[in-house]
Amino acid sequence: MATTPPGNLLMTTVDKAASWARTRSMFPATFGLACCAIEMMVSGTSHYDLARFGMEVFRASPRQADLMIVAGRVSQKMAPVLRQVYDQMPDPKWVISMGACASTGGMFNNYALVQGVDQIVPVDIYVPGCPPGPQSLMHGILSLHDKIMAGEIRN
Amino acid sequence: MGLLSELWRGLKVTGSTMLKTIGGSGLVTTEYPKEMRHKPQRFHGRHVLNRYPDGMEKCIGCQLCAGACPADCIYVRGKENDPESPVSPGERYGYVYEINMLRCIFCGLCVEACPTEAITMTHLFEMSTTNRQDAIYTRKELLMDESGKVPHMFPDDELADLDELNTADGWLRATAPSGVAAYEGVQMWQGTPGAASWDPEPSQEERDRASEGDDG
């Protein structure tokens, strides 16, 4: 039984090169909301050094960012803002939900908080922890790299 | 002129720090995927369900951990032990044990609430998932096997450090009644996960003798 070749042979190589390039320079958007943001900032310092992954610039403008690290609890009032920042980011874009509060609401199961940021934006990686340490965050980032390298480019 | 000298003073610091890193001796960076930064002894990481040295499960399915949990992330259901082949020494055992790691805030209240020291914490922190379902850890992931090894969620992951689990020393001692006369000779918590046996709590005389040795 002959199997269908997976896509265009030439384009798969280009896909791989493009994915590699994307993983090596992901600019995160600044979206620190609570205590997780402190750990996110620590990840950029010399002891952990996110620059090793080409991520040292936390972009203040979503137009220049392709990764949103939602660090902290998202209140109902913050939800539309978060969605707008996400919409303003150019494709391709990814979202890391950092910490218990952003991922599920954590211990704040009440009316004020969004119970999981995936109700607003599509999340690629969930990082458990309260807050996750810099190494936990980096594990999430490396998992995202794996996901991008394994995936097919769509846009 | 003043501006140039100030510039020189400032850049001297930059330059000398840069020169220090040549050869790698002055570098402070921990290159995470290749090397781990040291974790404190009482680091609150992923939970583990323990066994007694004879292989019996410590969990008795009492649900005190679920009651103490401020985030309501633990779900326990107890079941009667089969008298022929009991799973735990008590009447019941934890038939269903689930922890939602994305809800968990790693406060350690479940560890303090547990009457049999069945649930403790390890140094494991790499738990990133791509969906919320994967973050719900069941007995399969949490329970250590009968040789005392703690199971790893992604054993094939190149980032996984399987040795760290067996060298971890992050067990809470906050509630251990160390030094209380009523607990003389009772076996207390062990320092590391695993099914090895550990020394019973020393009596007051033994403690005094040990401290006398220090004075002399």
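# Briefing on chains A and B of a predicted model

Chain B exposes about 12,400 Å², and carbon and sulfur atoms supply 52% of that area. The structure is a predicted model. In chain B, buried residues make up 38% of the 216 residues. The points below treat the sheet of chain A, the strands of chain B, and some local features of the backbone and surface.

**The sheet of chain A**

- Chain A contains an open sheet of four strands in the order β1-β2-β3-β4, with parallel pairing. The edges are formed by β1 (28-29) and β4 (125-127) of chain A; each has a single partner strand, so one side of each is left without a neighbour in the sheet.
- Strands of a sheet pair through backbone hydrogen bonds, either parallel or antiparallel.
- Strand β3 (residues 94-98) of chain A is joined to β4(A) by three bridges, and the two strands run parallel. A:M98 has A:V127 in β4(A) as its bridge partner.
- Helix α5 (residues 134-150) of chain A packs on this sheet and touches β2, β3 and β4 of chain A. The direction of helix α5 makes about 150° with that of β3(A).
- Helix α2 (residues 35-43) of chain A lies across β2 (67-71) and β3 of chain A. Its direction is at about 130° to β2(A).

**Strands and overall arrangement of chain B**

- Chain B has six helices and five strands. From the N terminus on, these elements follow the order α-β-α-β-β-α-β-β-α-α-α.
- β2(B) and strand β3 (residues 92-100) of chain B run antiparallel and are joined by seven bridges. Within this pair, B:Y75 stands opposite B:E98 in β3(B).
- β3(B) is also joined, by two bridges, to strand β5 (residues 136-137) of chain B, and these two run antiparallel. The bridge partner of B:I99 in β5(B) is B:Y137.
- Among the contacts in chain B with a separation of 6 or more, 63% are between residues 24 or more positions apart.

**Backbone features in loops**

- Most residues other than glycine have a negative phi, and most peptide bonds are trans.
- The peptide bond from A:D91 to A:P92 is cis, with omega near -5°. A:P92 lies in the loop between α3 (79-88) and β3 of chain A.
- A:C130 and A:P131 are joined by a cis peptide bond, for which omega is about -10°. A:P131 belongs to the loop between β4 and α5 of chain A.
- B:Q63 is not a glycine, yet has a positive phi of about 70°. This residue is found in the loop between β1 (47-49) and α2 (64-68) of chain B.
- B:D72 occurs in the loop between α2 and β2 (74-80) of chain B. With a relative accessible area of 62%, B:D72 is exposed.

**A nonpolar patch on the surface of chain B**

- B:L4, B:L7 and B:L11 make a nonpolar surface patch of about 320 Å².
- One of these residues, B:L11, lies in helix α1 (residues 2-20) of chain B. B:L11 has a relative accessible area of 51% and is therefore exposed, since exposed means over 50%.

Terms used:
Residues are numbered from 1 along each chain as its sequence is written. Chains are lettered from A and ligands numbered from 1 in the order in which they are written. This is a predicted model: local features need pLDDT of at least 70, side-chain atom pairs count only at pLDDT 80 or more; totals for chains, interfaces and linings use all residues. Side-chain values use heavy atoms; hydrogens and water are left out. Two strands pair if DSSP finds at least two bridges between them. Contact means heavy atoms within 4.5 Å. Axes are lines fitted to C-alpha atoms, for helices over the stretch in contact, and angles run from 0 to 180 degrees between N-to-C directions. Patches are made of residues with over 30% relative accessible area and no salt bridge: like charges are joined within 9 Å, nonpolar side chains (Val, Leu, Ile, Met, Phe, Trp, Tyr) within 5 Å. Accessible areas come from the Shrake-Rupley method with a 1.4 Å probe; for residues, only the protein chains shown count as cover. A salt bridge is a side-chain nitrogen of Lys or Arg within 4 Å of a carboxyl oxygen of Asp or Glu. Buried means under 20% relative accessible area, exposed over 50%, partly exposed in between (1.4 Å probe, protein chains only).
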